[in-house]
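Please examine the sequence and the three-dimensional structure shown below. The paragraphs that follow lead through the fold step by step.

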Amino acid sequence: MKIIITGATGMIGEGVLLTTLKHPDITEVLMVNRRASPLRHPKLTELIVKDFTNLEAFNDWLTAYDGCFFCAGISSFGMSEDKYNHITFYTTMMFAKSACELEC
């Protein structure tokens with residue numbers, strides 16, 4: 001099985017990443033992050049994407065995967081509701097739409 005993980009540099013995403021790397025049925029993991037991770041593993045490939053709402057340039061990277069764990073996120077502390085909604089909801093939906101258009 002081949003898996004995509006976003007937000008693997010965060011607390012939740014890192015836990016998901018470490019679990020997938022240990023799982024014997026998972027053969028490949030693509031972590032899509034906004035910043036680089038120091039983690040290296042034979043199953044792991046890293047893709048740095050600054051803007052998850054504009055993924056057209058990365059279509060070739062995001063095809064032929066069996067699933068995606070979207071763990072990218074941010075704390076709402078000190079943030080307006082509109083900005084938090086844009087980052088957590090809109091960005092997630094744009095990523096899902098792009099990935100689905102490639103596979104659905």
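A residue is called buried when its relative accessible area is under 20%, exposed when that area is over 50%, and partly exposed in between. The model discussed here is a predicted one. By these limits R40, at 59% relative accessibility, counts as exposed.

Four strands make up an open sheet, and their order across it is β3-β2-β1-β4, with parallel pairing. The strands at the edges are β3, covering residues 44–48, and β4, covering residues 67–70; each of these pairs on one side only. On average, neighbouring strands of the sheet are turned by 20° against each other, when direction is ignored. Within the sheet, strand β1 (residues 2–6) runs parallel to strand β2 (residues 28–33), and five bridges join the two.

Charged side chains come next. How many salt bridges does a search of the whole structure find? The search finds two. One of them joins E28 and K2, whose closest N and O atoms are 4.0 Å apart. Because E28 belongs to strand β2 and K2 to strand β1, this pair ties together parts that are 26 residues apart in sequence. E28 has a relative accessibility of 33% and therefore counts as partly exposed. K2 is partly exposed as well, since its relative accessible area is 22%.

In another salt bridge, the side chains of R40 and E46 meet, with a distance of 3.9 Å from N to O. As stated above, R40 is exposed. E46, by contrast, has a relative accessibility of 22% and so counts as partly exposed.

R35 is located in the loop between β2 and β3. Is R35 buried or exposed? Its relative accessibility is 52%, and therefore R35 counts as exposed. When residues up to four places away in sequence are not counted, R35 touches T9, E46 and I48. Along the chain, R35 and E46 are eleven residues apart, and their C-alpha atoms are separated by 9.8 Å.

Most residues other than glycine have a negative phi. A64 is not a glycine, yet its phi is positive, at about 70°. This residue, A64, is found in the loop between β3 and β4. With a relative accessibility of 45%, A64 counts as partly exposed.

The aromatic rings may now be considered. A search of the whole structure finds three aromatic pairs. One of these is formed by F52 and F70: the ring centres are 6.1 Å apart, the angle between the planes is 75°, and the arrangement is edge-to-face. F52 lies in the loop between β3 and β4, whereas F70 lies in strand β4, so the pair ties together parts that are 18 residues apart in sequence. F52 counts as buried because its relative accessibility is 3%. F70 is partly exposed, because its relative accessible area is 25%.

F52 takes part in a further pair, with F95. The centres of these two rings, F52 and F95, are 5.5 Å apart and their planes lie at 45°, so the pair is tilted. This pair links distant parts of the chain, for F52 is in the loop between β3 and β4 while F95 is in helix α2 (residues 81–103), 43 residues apart. Both F52 and F95 are buried. Together, F52, F70 and F95 form one aromatic cluster.

The cysteines remain to be discussed. Two cysteine sulfur atoms count as a disulfide when they lie within 2.5 Å of each other. How many disulfides does this rule give? The count comes to zero. For C68, the nearest cysteine sulfur is that of C71, at 8.0 Å, and C68 is in no disulfide. C71 is likewise in no disulfide, its nearest cysteine sulfur being that of C68. As for accessibility, C68 counts as partly exposed because its value is 39%.

Conventions
Residues numbered from 1 in each chain as written. Predicted model: local features only at pLDDT ≥ 70, side-chain atom pairs only at ≥ 80, totals over all residues. Heavy atoms only, no water. Buried < 20%, exposed > 50% of the residue type's maximum accessible area, 1.4 Å probe, protein only. Pairing = 2+ DSSP bridges. Axes fitted to C-alpha atoms, helices over the stretch in contact; angles between N-to-C directions. Contact = heavy atoms within 4.5 Å. Phe/Tyr/Trp six-rings, centres within 6.5 Å; stacked < 30°, edge-to-face > 60°.
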